[in-house]
Amino acid sequence: MNQTLRQDAYAIAPDIVRPRLIERAKRLAPAVVVTLIVLLCLIDLDLDLDRLANWSEIAGRMVAGLLSPTPGDNLEEILAALIETMAMAIAGTVLAVSLALPLGIAGSRTVISHPLAHNGIRFVYDLLRAIPALIWAIIIIRAVGLGPVAGVFAIGLAEAPYIAKLFAEYLDNIDAKPRNALIASGASQFQAFRFAILPQILPQYVGLSLFFFELNVRAAAALGVVGAGGLGVMLEDRLGYAAFDEVAFMIILLLVIVAIVDMISSRLRQKIMGNDQISWG
Amino acid sequence: MSLKIERLNKSFGENHVIRDLSLTVEAGEMVGVIGRSGAGKSTLLRLINLMETPDSGTIAWHGNDVAGYHGSALREWRSQCAMIFQDYGIVDRLDVITNVLAGRLNTTSFWRSMIKFFKEVDRADAIAELHNLGLSQAALQRASTLSGGEKQRVAIARAMMQGPKVLLADEPVSSLDPANSASVMEALKDINRQRNMTVLMNIHDVEIAKSYCDRIIGLAGGEVVFDGAPAELTHDRHAHVYGTPQKTLSAA
Amino acid sequence: MSSLAQSSDQTPRAPLHAVDQSTPQSAIIAFELQRAANRRRDAIVSSLGLAIGLGLVVWAFHASGFSSNTFGQDSLEKAGQFIFRMDPELEGDLLFEDRTTKGSLAHWFARWPQWREALIETIEMAVVATALSAFFGLLAALASARTTMPIFWVRWTTKRLLEAIRTFPDLILAILLVSLFGLGPFAGLVTLTISGSASLGRFFGEVLENIDKRPREAMRASGAGPLQQIRFGIIPQTSPVLTSMTFLRFETCIASATTLGIVGAGGIGEELNRALTYNQIESYLAILILIIGLIVAADLASGVLRARLSRERMAR
């Protein structure tokens, strides 16, 4: 095949015609660069694999323990911790939503329309969203001591900017026509809000709150690991004694509870929100 | 009783949408406003309802200029000239009866509207309006279960709840198929005949306007270029409303 | 909550068709009867719901220890003290002095070399874990998508497995793996890889299930084998979306990697722990700033790359 013909064919069907070396290199360049970066990172991480030499012995005990889950002598304590985790999840969600409600309304374009102010508010929310719940938890444990109160505050503070952003987006994306129609009929601003906007956003807000509650059951369990109350505290404690059978019991319990909560909550959401799906703007 | 508009002007930035427009509509007339999109039809209705504030000119109802109204007088005037929209403006998530009752918000107290508890007489009126439009059996359904034509009739029932003197309709049947649009136009015509209601509506479909309206007004470039009975709207005059080059150019 | 009070307009009601609707009067009577019945039912449902909901919330706060003796004047004071101690006590005129001068930025960030190493370790963990997640995620997706895996039970098992892993909070996985592999970044890396693979496996699987089937049909018609069909009929049309999802996962991975160190699984979180253990509260604030900066920077970088990727896809 002569050179020009080959170039024409390549222009038409680049995937089929075997391209020249330089073109192939150009197309492969990003992949090569990414692979190199990943390899460099891996080497620099200095994983110290020698220290892992005896891991198989621990792994054997761990697998044996995980395969024979038992509550040990701590069934009551475990159940109490589980209930505490649920309480933290509920209280944390309520706190997050109550903080997010005013923040979300303030972040809506329809309420504060000046672009500079609006973008400024959204930027602050984005910054706050960057702080993981766990880091909040550590700060708050310092302030209020070990225990579930810290977990509730951590969930509330970490999620409020998240939920606020979504609340604001919902408010900005509602159907404005019913509101205009009611204003045109002589209704007051408040009445138009009550009859045209509230019925649209309330189911979405409640559905979103339920969705975050589902996430928070997991989060509350995890926060216990750093001492913020609930099942995580027990988990960390039993793991310290290498009681893998009890750890396995708690993990299975957590999975079951999460599955049940998800099922009930998604039913409720379906009922409240109808066909609207939660969208991550 | 009449609606008398004199030398009305409205601009949006550089765009002069309504130019020195004067118009009188007598009580009980059914008037269809036709014209190309951008001719100022919607703006005219929104000006009459005071959803837009006119730059200059008067809008007089029964001799009173309403153009300067604000506060509760403004809301009172808005409730007296009810408005119907192309896309219904009803809330799908509320039931039909609540959508209709929302037409009474102007005369409903803050507390009653907050807990959504209307007076028994209001509920009876709402059912009677729905009954007139053949929808009383749907009163407790969610509005989302209705067809487009039914939704527009719910919007008409809501407008009637305002106890209006004038009914403004902005492209009421543009989103509807022929059968549904006939049901809505019949409903408007019945209201016009039986209650001597003044109806002013924008319609882009000239045939519908000719078959239901007593009087046709043609707008182009924010000015009245035709005003007469449907029979007077000959082919030439029709072309004048829709095609006059200078007018449409200056409107753009 | 108040949603329950709204339920009167939520559910479609028994129609009024059955009742006489011939005159406005009979329609009104029929409506009022039906409305009264609905209201009676709603009153029971919504007052029950309200009682349960309020009860749950009150109980939840009580059970979480929100009572006056544990949460009062004392803890507010402690919180205030803690925030007060986070203040690095910068002095305006000493701001740019060297690290031995108290009140300068250099003094505040005196442990920067150590923190820099920890930050780099965090990034490296996230990069490697994201790459591995993309690889294992793709394998899991190929095994769980209807378009690529004809055997039902393989699809079903893979999907359930991915679901079970996703239920697991990263941190709990991390403490298990730390006790298995010991302290250090290896446990963190494995944690991030496992949770990343489960998450990407699910998203990739959804993409693979929603592809345009025509290129692959054409391949099959021309005699390509199943693996060739996947390589040339499916991967090319999905790779931009998969790449974009991988970048998104990188953002999540960075955020997660900053916290894993708290349980000893490597990265900047370990420095955070150290600062707390040795009571260096002003260092704590500095590390917090670094963490937020890292997460925001990763979001921005990945956002720019994703935007460029989607532009290129548009241009094609």
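Predicted model: local features only at pLDDT ≥ 70, side-chain atom pairs only at ≥ 80, totals over all residues.

Analyst: The six strands of the open sheet in chain B come in the order 6-7-8-3-9-10, and the pairing is mixed. Strand 6 and strand 10 (223–228) of chain B are the edge strands, since each one pairs on one side only. Going from one strand to the next, the twist averages 20°. There's a helix on the sheet too: helix 9 (residues 235–243) of chain B packs there and touches strand 3 (30–34), strand 9 (215–220) and strand 10 of chain B. The direction of that helix makes about 155° with that of strand 10 of chain B.

Now zoom in on strand 7 of chain B, residues 166–170. Five of its five residues are buried, so strand 7 of chain B is largely enclosed by the rest of the structure. As a rule, side chains in a regular strand alternate between the two faces of the sheet. Here, B:Val166, B:Leu168 and B:Asp170 point one way, while B:Leu167 and B:Ala169 point the other way. Both sets are buried, and that includes the aspartate, B:Asp170.

Next, look at what strand 7 of chain B pairs with. On strand 6 (residues 81–84) of chain B, the two strands run parallel and are joined by four bridges. One pair to click on is B:Ile84, which stands opposite B:Ala169 of strand 7 of chain B. With strand 8 (residues 198–202) of chain B, strand 7 of chain B also pairs in the parallel sense, this time over five bridges. There, B:Leu168 stands opposite B:Leu200, and B:Ala169 has B:Met201 of strand 8 as its bridge partner. If you follow the chain from strand 7 to strand 8 of chain B, you go through helix 7 (residues 178–194) of chain B, and the three together make a right-handed β-α-β unit.

Strand 1 (residues 2–12) and strand 4 (residues 56–61) of chain B run antiparallel, with five bridges joining them. The hairpin formed by strands 4 and 5 of chain B has two residues between the strands, and B:His62 takes a positive phi near 60° in it.

Chain A has 11 helices and zero strands, and chain C has 12 helices and zero strands. Of the 281 residues in chain A, 43% are buried; for the 316 residues of chain C, the figure is 36%. Take the contacts between residues at least 6 apart in sequence: in chain A, 74% of them join residues at least 24 apart, and in chain C, 65% do.

Chains A and C also touch each other, with 54 residues of chain A in contact with 51 residues of chain C. Several elements of chain A give two or more residues to that side, among them helix 2 (21–45), helix 7 (148–172) and helix 11 (244–273). Helix 9 of chain A gives the most, with eight residues. By type, this side of chain A divides into 43 nonpolar, three polar and eight charged residues.

One crossing in particular is worth a look. The axes of helix 4 (residues 75–106) of chain A and helix 2 (residues 24–63) of chain C come within 8 Å and cross at roughly 115°. The crossing is left-handed. Helix 4 of chain A brings A:Ile83, A:Glu84, A:Ala87, A:Ile90, A:Ala91 and A:Val94 to the contact, and helix 2 of chain C brings residues including C:Leu56, C:Trp59 and C:Phe61. The residues of this contact divide into 11 nonpolar, no polar and one charged.

Key: Residues numbered from 1 in each chain as written. Chains lettered and ligands numbered in written order. Axes fitted to C-alpha atoms, helices over the stretch in contact; angles between N-to-C directions. Left-handed = near helix turned anticlockwise from the far one by under 90°. Contact = placed C-beta atoms within 7 Å. Nonpolar A, V, L, I, M, F, W, Y, C, P; charged D, E, K, R; others polar. Buried ≥ 20, exposed ≤ 12 C-beta atoms within 10 Å, placed from the backbone. Pairing = 2+ DSSP bridges. Right-handed = clockwise from strand over helix to strand, strands pointing away.
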